[in-house]
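Student: I am new to this structure and would like to go through it slowly. Could you show it to me before I ask anything?

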Amino acid sequence: MIGAAFRDTLADAKAGDEAAFTRLFRDVQPALLRYLRLIAPDADDVAGDTWLQVVGGLERFRGEEQDFRAWLFTIARHRAVDSGRSRARRPAIPLEMTEAEQQPTISDAADQALEAVSTRAVLELIASLPGDQAEIILLRVVAGLEAREVARIVGKSPGAVRVAAHRGLRKLAGLTALPDAERAGTRPGVTH
Amino acid sequence: MHDEMPGFFPGRPGGEHDEPLLDMLLERRPLPPGAPPPLHDLARMLAAAAGPAESGDLAGEDAARAAFRRRRSPAGVSHAAPRSARHRLTARPARGRLPLAAALAVAAAGLGSATAAYAGALPSPIQHIAHEYIGAPPPHYDLSQSRPVIISSSPVRASRTSAPRARQTRRVPASPTPLGNSHLHSKYPRYTPGSSFASCQPAPAATQNQGHPAPTPSASHPRPSPGASSLGPHQSHPGHDRVSPWPSASGWTPVPAGTDCPALPVK
C-alpha cells in the first residue's frame, strides 16, 4: 500500500508522470496477478487488458487508495469474465496433461506452506478451496479490500462474503492441521 | 475435500467463537497471544500470500508503461501494440472526436440541402432563396398539389376564409385562383393578356377594379377546378419552357423563360 503519498502519486500519474504511474503499478500488480492466476488461466493477458483500461480511465478516476484498488480489481474481474467467455467460444483441446493434472497436490502445497511459507505454496493451497471462498479470501487478504468492496465485486452481500471467507479460512486451517500420514493420502483436485 | 474445522476453540460447539479472530485474520491485524496455534499458522500463511513481490509478479510492467506513454503522446498507438490494446486506445478519446463528428454532421446537412436545392426538391420559399444565392433552379410550383378551391355560393371570397388574413398575405398561393386571392395579386406582376411577349407591367385588361373586386367564384360561374387549372398553363401554352404559376383563365399570359421579372416576395 502506498499510504499517505497516494494522492500525490495519483495526481502525478494523471498529469502524465510515468514514474508515478510505475509506482502505482508496482504497488498493485503483485496482488493483481495473484488474484488473476486464481480466476483466469491467461492471467498475464487479463492483467495487461486491465492496465490498459486503467490507463484509459485514470484521468476520470476520483477517490482514495482503497477506492483505486477496488476499481482496479473490479476491472480485472470483468476482464477475466470476458476472457473466460472468449475461451468458451474457442474451446482448446489439451495436447498433454490437463491443467488440473499439473497442479500440485494439496498435501504438497500444505507442506511447503508450513515449512517454507512460500507465497506460491500458500496461493496453491488457497486455490484448492471452493472457487468463491478462494476468490473472497484473496480479495480480502491479498488485495486488501474491505468486505463491502469485495461484496460489490463478486456480486454477493457483505454478510455472504463474510461467511464464505470464514468457511474458507477454517478449511485452510483444517488442511494445515492434518496429520502428515493423512495428508499424504489426499490428492483432491482444484475445486472451483 | 476435508470439511472445515468446527472451530478453533476445543470444547465449544460451533465455530461462531472464532469469528472475531477470523475477521482479524482477514483484516491482517495481529492476533492476540492467546489465540489457538492453528490460527497463528494460518496468519503466517496469509501474510505470505500477501507478501512482497516475487519474480514474475511484476510481469507486464513494460507493456503497461508503454500504454501509459502512448496514452500521453499525441502520436497515438503504435502498430506493435496488441490488437485489443489498439482497439481500446483508439476508441477512448471520444472528447476529441466530438468536434469532428459535429463538423461532419454539418457538412452532410449542407451537402444534402444543396443537393435537394439543385434537384428542386425544397419547398418553394427555400428553393427561391437557394435559387438566388447558389444558383439552384427556381422554385417549381407543383400545381397538381394545389389546395382545392372552396366553391361557395356565398358572397364571401373563396379563399381560405377560416385562415387569418395576415397569414394569407404572406403566402405564395398554392392554388392559381387569382380572383379568390386578389389581395395577393396586387403584390405580384401582372401580364399583358393576349400579347405575344411577356411584360411585368400590369395589364389594363387584367387589372382588377380596386373598388370592385372580382366576384367570388360561384356555382353558376365556377372557376376552373384545381385539376383543370393544373393542366391549363402547360397544355394551353405548350411552346413555353417555363410558365408562370398564374393561370390564363383570367386572360394572363405565362412568362416565358428568361423574362426579367422581379422576384416573388416570399415573406
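What follows is a set of questions and answers on this predicted model.

Student: Which scores does the model have for ipTM and pTM?

Tutor: Since we are looking at a predicted model, it is careful to begin with the scores of the model as a whole. They are ipTM 0.79 and pTM 0.52.

Student: Which element of chain A gives the most residues to the side that touches chain B?

Tutor: The contact between the chains joins 43 residues of chain A with 42 residues of chain B. On the side of chain A, the elements that give two or more residues are helix 2, helix 3 (43-57), helix 6 (106-115), helix 7 (119-127), helix 8 (131-142) and helix 10 (158-176) of chain A. By class, this side has 23 nonpolar, 12 polar and eight charged residues. The element that gives the most, with 11 residues, is helix 10 of chain A.

Student: Is the crossing of helix 1 and helix 2 of chain A left-handed or right-handed?

Tutor: The residues that meet are T9(A), D12(A) and A13(A) in helix 1 and A20(A), F21(A), R23(A) and L24(A) in helix 2 of chain A. By class, this contact has four nonpolar, one polar and two charged residues. The crossing of the two helices is left-handed.

Student: Is E146(A) buried, exposed or partly exposed?

Tutor: E146(A) lies in the loop between helix 8 and helix 9 (147-154) of chain A, and its C-alpha is 9.3 Å from that of P158(A), which is 12 residues away in sequence. A residue counts as buried with 20 or more other C-beta atoms within 10 Å, and as exposed with 12 or fewer. Because E146(A) has 17, it is partly exposed.

Student: Which element of chain B has the lowest mean pLDDT?

Tutor: The mean pLDDT of chain B is 61, and 37% of its residues reach 70 or more. The pLDDT is below 50 over residues 151-255 of chain B, and where pLDDT is low, the predicted coordinates should not be read in detail. Among the elements of chain B, helix 1 (residues 19-26) has the highest mean, 92, and the lowest, 41, belongs to helix 9 (residues 226-236) of chain B.

Note on methods
Residues numbered from 1 in each chain as written. Chains lettered and ligands numbered in written order. Predicted model: local features only at pLDDT ≥ 70, side-chain atom pairs only at ≥ 80, totals over all residues. Left-handed = near helix turned anticlockwise from the far one by under 90°. Helix = DSSP H or I, 4+ residues; strand = E, 2+ residues; numbered from the N terminus. Contact = placed C-beta atoms within 7 Å. Nonpolar A, V, L, I, M, F, W, Y, C, P; charged D, E, K, R; others polar. pLDDT = per-residue confidence, 0-100.
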